[in-house]
Amino acid sequence: MIIVRHSEQRGLANFGWLNSKHTFSFGHYYDPQHMGFSALRVINDDIVAVGGGFDTHGHKDMEIISYVLEGAIEHKDSEGNVHILSAGEFQLMSAGSGIYHSEYNASHTEPLKFLQIWIQPNSFGNKPSYEQKDFFKQQGLTTIATPTGEDGTLLIKQDAKLHQLVLKPNSKLSIDIATGRKIYLHQVNGILSVNDIELNAGDGAKIENLYTLNFANRGQEEVTALLFDLP
């Protein structure tokens, strides 16, 4: 079963410095039909204006992933991490027992575009941690985060994996899904066919009770998507 939610159906928030589309209920946007999917709680498609950013605020017991699409993030947190996160990089901040952080647009001339993703952990009260890495846009499926941190992946405190899917024009890829697993697919750019269902940029798909996914890029531009393998 594949249930698609198109980009224009997502919740909206515009504060001047921030223009955001919410896949699931978040902040002032509430929809009881869209509260998350398995352990996946938030996917926000954020555009942050020059000079804008999220002031210092706190989190507890949440796995927070940022994926920069355009521009750069200036990150600071209460654990002493001060970093610039550039386009193409992933950041994983495990809030654990509690962390304070700020995220600003690092550019003085260009807007920042990034995905903000929250995943609920399966263990609590851990020491906060921070990681960031550029996995580059490799053709096919690249694993970004795992519960073991294996093979240089980001370490996430949940029985979940995050993959980046990249398909060049006129290419295909099939994957198998383990019994009992749920998949959430977020389309980043391009047009992707999933078992002959088309997804456009910003679309999302909840996938359950399937054992094989057949991806195809029939267009003329590269396709990028994020694939969440969830309990």
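In strand β21, F215 is the bridge partner of L173. That contact belongs to a pairing of β16 (residues 171-176) with β21 (residues 212-217), which runs in the antiparallel sense over six bridges. Please keep in mind that this is a predicted model.

**Pairing around β21**

**The annotated domain**
- An unreviewed UniProt entry places the feature "domain: Quercetin 2,3-dioxygenase C-terminal cupin" at residues 144-230.
- Over residues 144-230, the chain is 57% strand and 0% helix.

**The cavity**
- Searching the whole structure turns up one cavity of 30 Å³ or more, and the largest cavity has a volume of about 30 Å³.
- Its lining consists of V48, G53, F54, I73, E103, Y104, N105, L112 and F114.
- Two or more lining residues come from each of β5 (53-59), β10 (99-105) and β11 (112-119).
- Strand β10 gives the most to the lining of the largest cavity, with three residues.
- Sorted by class, the lining of the largest cavity has six nonpolar residues, two polar ones and one charged one.

Note on methods:
Residues numbered from 1 in each chain as written. Predicted model: local features only at pLDDT ≥ 70, side-chain atom pairs only at ≥ 80, totals over all residues. Heavy atoms only, no water. Pairing = 2+ DSSP bridges. Helix = DSSP H or I, 4+ residues; strand = E, 2+ residues; numbered from the N terminus. UniProt positions renumbered as here; feature names shortened; annotations may be inferred. 1 Å grid on protein atoms, 1.4 Å probe; cavity = no way out; pocket = protein on both sides within 12 Å on 5 of 7 lines; lining within 4 Å. Points joined across faces, edges and corners; volume = space filled by probe spheres on them. Nonpolar A, V, L, I, M, F, W, Y, C, P; charged D, E, K, R; others polar.
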